[in-house]
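Please look over the sequence and the three-dimensional structure shown below. The paragraphs that follow lead through the structure step by step.

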Amino acid sequence: MRRAVLVVGVLLVALAVGVGWYLAPIGPIATGYAAEIGCGVHLIADRPVDEVIPELPDNPLVPLLRVAAPGDGTFRADLLGLYDSVAVQTDDGGCRLVDPDDTGAATTTPRTIEPSADDLTVPSDPAAAAAAAGFDVDALSAAVDAAFVEDDDPTREVGTRAVVVVHDGTVVAERYAPGFDAGTPLLGWSMTKSIANAIAGTLVRDGRIALDDNRLWPGWEEDPVDPRVDITVDHLLTMTDALAFEEVYDPDTDATRMLFLPGDTAAYAADQPLVDTPGSRWSYSSGTTNLLCDVLARADGGEPSTLAARRVFAPLGMTSAVVGTDTSGDPVCSSYGYATAHDWARFGQLYLQDGVWAGTRLLPDGWVEYSTSPVELPTDAPYGAQWWLNADADGDLRMASIPADAFWASGNEGQQVVVLPSDDLVVVRLGLTRGYDGIQWGLEDLLGGVLDAAPTD
């Protein structure tokens, strides 16, 4: 009996050690993800706490997580009592991961965004506006409705939550899933990268930065032979900086460590070594965008947490929009932009109008053309400067039935703001899409249906 007890004890100790070894690197990331997303779902979007867990990726740790909103502006996630993460809604409206024992360190400058002179018209009857513009209203409605239909594959989820179609600056169709409406701010994930492009454009306009600026990170200056000093603003915008970074969302990778553990996201990216000469290769990297945003914040010189609000959201009247910050207080421009579907449409409309809003040029002349010119290096798909493109440098199309001049902001789980200049259209689609790769959930079908319903010259 004693021997049996001893064996069981050894096995239990071994099991505990094994579980601890397994959880040590990924437990804090799992709770960090849950706290960050929970803060956005509950504190930014004002949705119930019980809707947080369904937002999380399907993995074995999720059923073990416990989440709570104590009512003090924080959102907490716990894993088996071993790992605890806290996100705080800051004064500027965004969320920030903080040390669980230092939640008071998350104060920021409150933002002020008032409705502005608006180039987006939201009629009380979009269908009437569509008919007046010459749309086939039934066909347009059918195209939007189809984006909400689930397919027969149980391993995939379309999960559309919002679609807004804008023609010539007027909303001509919109629909929302149950539980969501025009006032619900939704996470854009990597659509936030395109906001970083706009911030950069305003700073170029003001002469605070130039595309060929280099020596961008103070730590690189310490060693004059550090080849990273040759990285330019243009390299960061076009993802050609050649810094090492795993854009993989598995546990304990660069992307998950950077985003879901308290820390300085830009410093994480800046500490990575080069894998090639800057400008010689393209590699999609959220670290690159966060480094870019740190460069932009220092060039701006104002409060980093309100950088996007001051430079982009306030001029456009995007009253719902926020970008969350990291523990250091810098905006996480790779991933944490929230806005309503209407405000995401305003952002797309700015680019449709070549960077002009309400008669004022916000982005420099030629900026949109620069941003939508394809990188002339091998890429995963046609890419410009923090925007995805339909046509590559050779004219080959990613979506064969969609005009070559289409470009879009794109984010994880099926977020898209698509700009179609030749048809004077902006199409916003937001959702929780799983089991699909990028735009493959049915974006081309949605756009094709809208184009088929659109007026012809």
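Ring pairs join Tyr33, Trp189, Phe260 and Tyr336 into a cluster. Here, rings of Phe, Tyr and Trp (its six-membered ring) pair if their centres lie within 6.5 Å; planes under 30 degrees apart count as stacked, over 60 as edge-to-face and the rest as tilted. This is a predicted model, in which local features need pLDDT of at least 70 and side-chain atom pairs count only at pLDDT 80 or more, while totals for chains, interfaces and linings use all residues. Residues are numbered from 1 along each chain as its sequence is written, and side-chain values use heavy atoms, with hydrogens and water left out.

Helices (H or I, at least four residues) and strands (E, at least two) are DSSP runs, numbered from the N terminus. Trp189 has a relative accessible area of 6% and is therefore buried; buried means under 20% relative accessible area, exposed over 50%, and partly exposed in between (1.4 Å probe, protein chains only). The phi angle of Trp189 is near 50 degrees, a positive value in a residue other than glycine.

A search of the whole structure finds 15 aromatic pairs. One of them is formed by Tyr351 and Trp387, a tilted pair with 4.6 Å from centre to centre and 50 degrees between the planes. This pair links distant parts of the chain: Tyr351 belongs to helix H10 (residues 341-352), whereas Trp387 is in the loop between helix H11 (367-371) and strand E12 (388-389), 36 residues apart. Tyr351 and Trp387 are both buried.

Rings also take part in arrangements with charged groups. A charge sits over a ring if NZ of Lys or CZ of Arg is within 6 Å of the ring centre and within 35 degrees of the ring normal. Arg175 lies over the face of Phe148, at 4.3 Å from the ring centre. Likewise, the charged end of Arg429 is placed over the ring of Trp441, 3.8 Å from its centre.

Leaving aside neighbours within four places in sequence, Gln416 is in contact (heavy atoms within 4.5 Å) with several residues, among them Met191, Trp408, Arg429 and Trp441.

The next topic is the pairing of strands. Two strands pair if DSSP finds at least two bridges between them. E12 and E13 run antiparallel and are joined by two bridges, and the bridge partner of Leu389 in E13 is Phe407. E13 also pairs with E14 in the antiparallel sense, over five bridges, where Phe407 stands opposite Val419. Five of the five residues of E13 are buried. In a regular strand the side chains alternate between the two faces of the sheet. From E13, Phe407, Ala409 and Gly411 point one way and Trp408 and Ser410 the other, and all are buried. The hairpin of E13 and E14 has three residues between the strands, and Glu413 there takes a positive phi near 65 degrees. With a relative accessible area of 13%, Glu413 is buried.

Five of its seven residues are buried, so E3 is largely enclosed by the rest of the structure. Strand E2 (residues 74-79) pairs with E3 in the antiparallel sense over six bridges, and Arg76 has Val86 as its bridge partner in E3. In the hairpin of E2 and E3, Leu80 takes a positive phi near 60 degrees. E3 is also antiparallel to strand E4 (residues 95-98), with four bridges; the turn of their hairpin contains Gly93, which has a positive phi of about 100 degrees.

Finally, the protein as a whole has 12 helices and 15 strands. Buried residues make up 54% of its 457 residues.
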